[in-house]
Structures are given as C-alpha cells and as structure tokens.
Amino acid sequence: MQIINILLKNINKFSKRFWPLGSFLFVSFYIYNIYGSSILHLHKKTKPTQIDPTAHIHPSACISPWGVYVKKNVSVADRTVIRFTTSIGSQTHIENSCVIGNTGFQVIRFRDHRLSVVHTGKVIIGEGVQIGERTSIDRGLFGGTTSVGDFTRIGSHTVIGHNIKIGSHCIIGDSVAIGGKSIIGDRVTIGNNVSIANRIKIESGSTIIADSIITRDVKKS
Amino acid sequence: MQLSDISYIHGELYQNGAFSIIGNVYSKEKNRLVPVQNKDELTHCLNHPEITGIIISSDHFCDIPENIGVIISKTPLDEAISISKKYFREKTSIKENETSIHPTAKIHPTADISLHQVTIGKNVCINEYVTIEPGTHIGNDVIIDAHARIGIPEFIQNNSLNSSSKESYGKVIINNGVYIHPNCTVEKPIFPDYTTINSNCHIDSISSVGAGVTLGSFSLVAGLVSIGKYSTIGTRTWIGPGCSINPGVDIGDSCYITLGSKVTKNIGPNKIVKDNWGVNREKFKGIIP
C-alpha cells in the first residue's frame with residue numbers, strides 16, 4: 001500500500017513543474033464534484049430515515065431525515081450530529097457532541113487553488129460499539145465506506161478519517177488521529193495520543209503503546 | 001515612557017525602565033511591558049532583548065538584570081490591563097456595534113452567535129452548535145462545521161476574583177474560502193492583537209489555533225494539531241496530524257511538518273520537519289498524500 005503513496009507523491013511533484021497535468025487533475029475533480037453532488041441529491045430523497053422505537057435519543061441531537069438507519073436499543077447522547085447515509089447497529093452507545101458522517105480531508109492542491117472533494121460514501125457502525133465524546137468519523141470517498149466493527153470501543157477526541165476499516169473487539173484510546181484508507185484488524189489495542197498515517201495496515205492481535213507515531217505497516221511477528 | 005510615569009500602581013515599583021507598548025510574552029513588538037506568570041516565561045523574557053519591562057508576582061521573583069524594569073504585584077494581568085486602558089485608550093476601547101449578517105448566509109438555528117461585534121459575509125455556512133463570540137470578522141465563502149468554538153478568550157493565569165480580568169480586547173479575522181471542520185477552537189487574545197486565518201485554509205477536526213496566530217494562506221492543517229500562541233505560519237504549508245507547535249515559533253513558506261512532530265525552534269522556508277528538529281532532508285521515507 002505504500003507503493004501507491006510513493007506514486008502519488010511523484011505525481012504531485014511532477015504536476016507542480018508540468019502544468020498541464022496539474023490543471024487537468026484539478027478540472028477533472030471539479031467536474032467530479034458536480035457529478036458527486038448530483039448523486040447525493042438523488043440518494044437523499046429516495047431513502048428516508050428509519051429509527052427503531054426502542055432507541056433512546058436525546059432531543060437535542062441533530063439527525064438528518066434522509067438515509068439514517070438506527071436499530072434496536074441504541075442510545076445517543078446530547079448534541080450529537082449524524083449526517084445522511086449512516087447506519088448504526090444495535091446496542092451501541094454514542095456519547096455527547098460527536099459528529100458522524102462529516103466530509104473528510106481530501107483536498108486537491110494546484111498552485112494557488114484548493115478544492116475539497118465531495119465525499120459520496122457512507123458510514124457503517126456495528127453492534128455494541130461505544131464511541132467517546134467529541135469524536136469525528138468521516139464518510140467514505142468515491143463511494144466507499146468507513147466501517148467500525150462489532151464490540152469496539154473508541155475513546156474521546158479521536159479523528160477517524162475517510163475509508164477506514166476497523167475490525168471487531170478493538171480498543172482505541174483517547175486523542176488518536178488515524179489517516180485515510182487504513183485498515184485495522186481485529187482485537188487491536190491502541191493507546192492514547194497516537195498518530196497514524198494514511199494507507200497503513202495493522203494486523204489483528206497487535207498492540208500499540210501510547211504516544212507513538214506510526215508510518216509503516218505493523219505485522220504480528 | 002518610563003515606568004515611574006505611571007500614576008497609580010496597585011503593587012510596587014522595584015526597578016525603573018522604559019517601555020512603549022504593552023503586550024503578551026510571546027508577541028513580537030519592541031520595547032514592551034509584559035505580565036509574567038511562570039519561571040519558563042521569565043527565562044523567555046531574559047533571552048529576548050525586545051522585552052524591557054516585567055510585571056511579576058513575588059512568588060516567581062528572581063535576580064533580574066538592571067536593564068529591565070520590574071513591577072511586583074499579586075495580579076499581574078489586572079495591572080497590565082489597567083495600564084493599557086489609561087495610556088493606550090484607543091486600542092483597548094470596546095465599541096459596541098451590532099452584528100451584521102449578510103442575507104445569503106445559511107445559519108443553523110442551534111448556532112449561538114453573539115449580538116455584538118460580529119460581521120458575517122456572503123455565502124457563509126454555519127452548522128450545528130457553533131459558538132461565535134464578539135470580535136470576529138468572517139469573510140465570504142466560509143464553511144464552519146459543527147461544534148466549533150470561535151473567539152474564545154485565551155486563558156492567562158490571574159489570581160484574582162475580579163470579573164474585569166475576563167475582558168478581552170483582541171479580534172479574530174477569518175478571510176475568504178476557509179473550511180473549518182468540526183470540533184475546532186480558535187482563540188482570541190486578551191491584549192488588542194489579531195488572530196488571522198488567511199484565505200483558502202483548511203483546518204481538520206479537533207485542532208486548536210492559539211491566540212495571536214497568523215496562518216498563512218493556502219495552508220492545510222490536519223487533525224489534532226495544537227498551535228501555540230503568537231506563532232506565524234507561512235503560506236502553503238502542510239501540518240500533519242498530532243503535531244504541537246510551541247508559542248512564539250516562526251515557520252517559513254511551503255514547509256512540510258510530518259505527523260506527530262513537536263516544533264520548538266524557528267524554521268526557514270522549504271524544509272521538512274521530522275520529530276524534534278528541522279533538517280533539510282533529501283530522502284524522505286514517509287507518507288504524504
């Protein structure tokens with residue numbers, strides 16, 4: 001997966017010097033934004049939300065009326081924000097002032113222009129998940145999904161990027177930043193104050209100590 | 001002017017000195033008077049010759065050379081604010097203007113915008129549960145996502161029970177095209193200075209911008225970054241997730257600061273920062289999108 005990173009870095013370098021390539025990429029993403037926003041508009045109006053009557057939702061939570069599926073015995077605390085096309089499994093517990101389904105941080109750069117790409121994916125949260133306060137979970141890019149497995153626990157003040165797959169029975173600590181498109185296996189424990197780069201694979205059963213920085217794949221040896 | 005020219009001091013004057021302005025410890029103006037709360041800030045003052053006056057409490061008092069004027073008081077911040085109100089009256093006056101919001105702005109009904117001194121420009125999108133405090137100016141085409149807190153006054157330790165120590169005279173200026181992701185905080189300085197976020201910046205979630213910071217245009221700040229007070233960041237920089245930048249640090253144009261690094265010294269332009277030092281590395285074996 002890190003070969004792709006080196007390729008992208010070289011493309012960025014090359015596009016700075018060779019302006020037709022950079023401008024072509026910029027214009028193509030601009031057109032993709034229009035296409036993506038039209039797709040989102042179509043998806044929205046056809047799928048209204050379905051909230052189970054056994055769920056406990058605080059009245060100050062903001063849940064969008066399109067595409068949210070909330071299942072049995074879910075408890076959502078005050079002032080959370082849940083955006084469209086997310087599905088939350090049964091018996092999860094979401095604490096206060098979280099933001100789920102936000103647009104991620106993919107930004108296209110070309111000289112003096114910055115363009116944020118429209119994310120057209122979804123968020124899938126499994127059963128028995130506990131999410132701490134003030135976390136933000138971004139939606140997927142190019143139609144992909146960010147998924148959180150069953151019975152995991154995510155701490156407070158974490159940043160989970162786009163297109164991330166987290167396995168089941170994980171424990172993630174407080175103030176962890178995970179970059180986009182990384183894969184985390186089952187039964188992984190991550191300590192506090194960890195920063196993980198993008199496109200990284202962490203195999204199942206491994207442990208990561210607190211206050212560490214990860215830039216390469218982690219294998220269970 | 002001289003420290004002895006001040007008419008009324010709550011504490012006592014220990015050494016005389018000259019000053020021309022009052023400010024924070026980490027700002028960069030010359031010949032300034034400064035309230036000090038720690039021994040770390042004292043060492044910072046002694047290393048920088050721009051500071052010519054100190055207001056300090058008797059707990060942290062040590063040997064100080066004769067160049068610098070000293071005032072000893074229990075509440076240094078109250079002293080500084082009262083001095084700035086008397087002699088620098090134009091800057092520290094609160095003008096109570098009403099807020100002006102452009103009619104094309106989209107504001108969620110749960111947002112909390114104060115009724116004084118806020119200006120909002122065209123096509124601004126303000127989402128759920130945002131708090132905007134007085135003294136902010138927001139430009140055109142800005143998106144502020146949920147749970148952001150803009151204009152919070154900075155925290156300076158002050159051992160007093162007066163409510164006047166909670167007044168702040170700074171401003172927050174956000175220029176055109178900025179995108180602020182959820183759960184961010186942008187602080188406002190107490191002294192009359194500006195925090196500016198220049199045009200077309202993107203700030204990812206749960207990052208905090210300290211008081212008095214100038215963020216260069218077209219720069220990208222990733223998640224969980226804490227930027228210290230009165231630091232200047234150049235244009236077109238990339239700051240990776242989990243970084244922390246010390247107060248008073250200057251970072252040059254088009255730098256790459258990789259994830260998890262802690263910046264303590266000034267850095268020139270076009271450099272790559274890894275871990276705790278700034279070195280121009282040619283073979284960078286990391287991951288940058």
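A residue is termed buried when its relative accessible area is under 20%. In this predicted model, helix α2 of chain B, spanning residues 76-87, contains several residues of this kind: B:Pro76, B:Leu77, B:Asp78, B:Glu79, B:Ala80, B:Ile81, B:Ile83 and B:Ser84. These buried residues pack against three strands of chain B, namely β2 (21-22), β3 (32-35) and β4 (51-56).

A helix of chain A bears the corresponding label, α2 (19-46). Helix α2(A) has 28 residues and reaches 42 Å between its first and last C-alpha atoms, close to the expected 40 Å. Its buried residues are A:Gly22, A:Phe26, A:Phe29, A:Tyr32, A:Asn33, A:Gly36 and A:Leu40.

Helix α2(A) also contributes to the second largest pocket, supplying six residues, the largest share of the lining. About 1400 Å³ of space lies in this pocket. Its lining comprises 47 residues, of which A:Thr103, B:Cys125, B:Asn127, B:Ile143 and B:Tyr179 are the closest to the centre. At least two lining residues each come from α2, β3 (62-63), β6 (81-82), β9 (99-102) and β11 (113-116) of chain A, and from β7 (106-107) and β10 (125-126) of chain B. The lining is made up of 20 nonpolar, 18 polar and nine charged residues.

Nonpolar packing was examined next. In soluble globular proteins, nonpolar side chains tend to be buried together. The largest nonpolar core of the model has 40 residues, and those with the most contacts inside it are B:Ile120, B:Ile126, B:Ile138, B:Ile174, B:Ile197, B:Ile239 and B:Ile245. Strands β9 (118-120) and β15 (171-174) of chain B each supply at least two residues of this core. Apart from this core lies another, of 36 residues, which includes A:Ile164, A:Ile196, A:Ile208 and B:Leu259. Within the largest core, B:Ile197 is one of the residues with the most contacts. When residues up to four places away in sequence are not counted, B:Ile197 touches B:Ile173, B:Ile174, B:Asn175, B:Val178, B:Val186, B:Ile203 and B:Leu215.

A:Thr86 belongs to strand β7 (residues 86-88) and has a relative accessible area of 2%, so A:Thr86 is buried. Leaving aside neighbours within four places in sequence, A:Thr86 is in contact with A:Gly67, A:Val68, A:Tyr69, A:Ile100, A:Gly101 and A:Val123. A:Tyr69, one of these partners, lies in strand β4 (residues 68-70). Its relative accessible area is 27%, and A:Tyr69 is therefore partly exposed. With neighbours within four places again left aside, the contacts of A:Tyr69 are A:Lys47, A:Pro48, A:Gln50, A:Thr86, A:Ser87 and A:Ile88. The C-alpha atom of A:Tyr69 is separated by 9.7 Å from that of A:Ile124, a residue 55 residues apart from A:Tyr69 along the chain.

Terms used: Residues are numbered from 1 along each chain as its sequence is written. Chains are lettered from A and ligands numbered from 1 in the order in which they are written. This is a predicted model: local features need pLDDT of at least 70, side-chain atom pairs count only at pLDDT 80 or more; totals for chains, interfaces and linings use all residues. Side-chain values use heavy atoms; hydrogens and water are left out. On a 1 Å grid over the protein atoms alone, a cavity is a set of points where a 1.4 Å probe fits but cannot get out, and a pocket is an open set with protein on both sides within 12 Å along at least five of seven lines; lining residues have an atom within 4 Å of a point. Grid points are joined across faces, edges and corners, and a volume is the space filled by probe spheres set on the points. Helices (H or I, at least four residues) and strands (E, at least two) are DSSP runs, numbered from the N terminus. Ala, Val, Leu, Ile, Met, Phe, Trp, Tyr, Cys and Pro count as nonpolar, Asp, Glu, Lys and Arg as charged, and the others, Gly among them, as polar. A nonpolar core is a set of buried Ala, Val, Leu, Ile, Met, Phe, Trp, Tyr and Cys residues joined through side-chain atoms within 4.5 Å. Buried means under 20% relative accessible area, exposed over 50%, partly exposed in between (1.4 Å probe, protein chains only). Contact means heavy atoms within 4.5 Å. The expected span of a helix is 1.5 Å times one less than its number of residues.
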